[in-house]
Amino acid sequence: MRGAPRSHENVRVHVVVIRHHRIDEAGFVADAFAARGGEVRTHLFPREGPLPALDGMEHVVVLGASWSVYDERITDWMGAELNWLRAADAAGIPVLGICFGAQALTVALGGQVEAAPRSEIGWVTVSTAVPEVIEPGPWLAFHGDRCVPPPGARVLATSEVCVQAYSAGPHLAVQFHPEVDAAQVGRWLADGGRAEAERAGQDPDALLAQSLAEEPAAALRADRLVAAALRLADSAVGYPLARTKINPPSR
């Protein structure tokens, strides 16, 4: 029927995944989009050049990064990413922001990002207000910042440390990592994350072993999260939130 909302469950979705490090992959999240017929392509930003044109794009996934959004080392490209996210919002293209991606989306839509009272690393169970969208988990956390959601956002889940998930129009932001498998955790630990985990009171080897044990359930949780993100997008198509250009917060 003309004018009826589409269901992404049975329509091929063109998805672009923005990653910031070569060692990062969209993992279980990419698998979940592909399982629904999604055409998933990735772009390593900024190493592979400017962010892709939004024409024909139907969903955006922005992955994590080792920096904070307010880190002075990335000021040469962070503004471009924020403006690209605002353009996606203005075009009604849903964004799934993960960790750093959630923080970038937060700033793009008028919220703030600040240092968390402590780093949160490990498999955490969240307090969820909407379990059909955000399950209790456990979810893999690996961050030291937290989001202050933009005006009008709906907080979906929290932990003692931070807001773990919120929705804003068609967008979904999650502070945890639904995409990771044990191989991804292993790459992070080898790339400096081992010391971070130890400072946060985690045994890196135990964290890696738990990540391996969680893989089957984590894949299913990620699949259900992507299904929920698509339902959210379908129910809020054409809901731009960013009205003005907002610079990232400084410390």
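**Close-up views of helix packing in a predicted model**

**View 1. Helices α4 and α5 pack against each other.** The axes of helix α4 (residues 182-199) and helix α5 (residues 204-235) approach within 10 Å and cross at roughly 155°. The model shown here and in the following views is predicted. Because angles over 145 degrees count as roughly antiparallel, α4 and α5 are therefore described as roughly antiparallel to each other. The crossing of α4 past α5 is right-handed.

**View 2. Residues at the contact of α4 with α5.** On the α4 side, the residues that meet α5 are Ala182, Ala183, Val185, Gly186, Leu189, Arg194, Ala197 and Glu198. Their partners in α5 are Pro204, Asp205, Leu207, Leu208, Ser211, Leu212 and Glu215. By class, the residues of this contact comprise nine nonpolar, two polar and four charged.

**View 3. Helix α1 crosses α5 obliquely.** Helix α1 (residues 27-35) also packs on α5, with axes that come within 8 Å and cross at roughly 55°. This angle makes α1 oblique to α5. The passage of α1 past α5 is a right-handed crossing.

**View 4. Residues at the contact of α1 with α5.** From α1, the residues Phe28, Val29, Ala32 and Phe33 take part in the contact with α5. They meet Glu215, Ala218, Ala219, Ala222, Asp223, Val226 and Leu230 of α5. Nine nonpolar and two charged residues make up the contact of α1 with α5, and no polar residue belongs to it.

**View 5. Helix α3 is mostly covered.** In helix α3 (residues 100-108), nine of the nine residues are buried. These buried residues are Phe100, Gly101, Ala102, Gln103, Ala104, Leu105, Thr106, Val107 and Ala108. Just after α3, Gly110 adopts a positive phi of about 105°.

**View 6. The chain as the setting for the close-up views.** The chain contains five helices and 10 strands. It has 251 residues, of which 54% count as buried. Among contacts between residues at least 6 apart in sequence, 74% join residues at least 24 apart. The chain exposes about 11,100 Å², and carbon and sulfur atoms supply 50% of this area.

Key
Residues numbered from 1 in each chain as written. Predicted model: local features only at pLDDT ≥ 70, side-chain atom pairs only at ≥ 80, totals over all residues. Heavy atoms only, no water. Helix = DSSP H or I, 4+ residues; strand = E, 2+ residues; numbered from the N terminus. Buried < 20%, exposed > 50% of the residue type's maximum accessible area, 1.4 Å probe, protein only. Contact = heavy atoms within 4.5 Å. Areas by Shrake-Rupley, 256 points an atom, 1.4 Å probe, with all protein chains shown as cover. Axes fitted to C-alpha atoms, helices over the stretch in contact; angles between N-to-C directions. Parallel < 35°, antiparallel > 145°, perpendicular 65-115°, else oblique. Left-handed = near helix turned anticlockwise from the far one by under 90°. Nonpolar A, V, L, I, M, F, W, Y, C, P; charged D, E, K, R; others polar.
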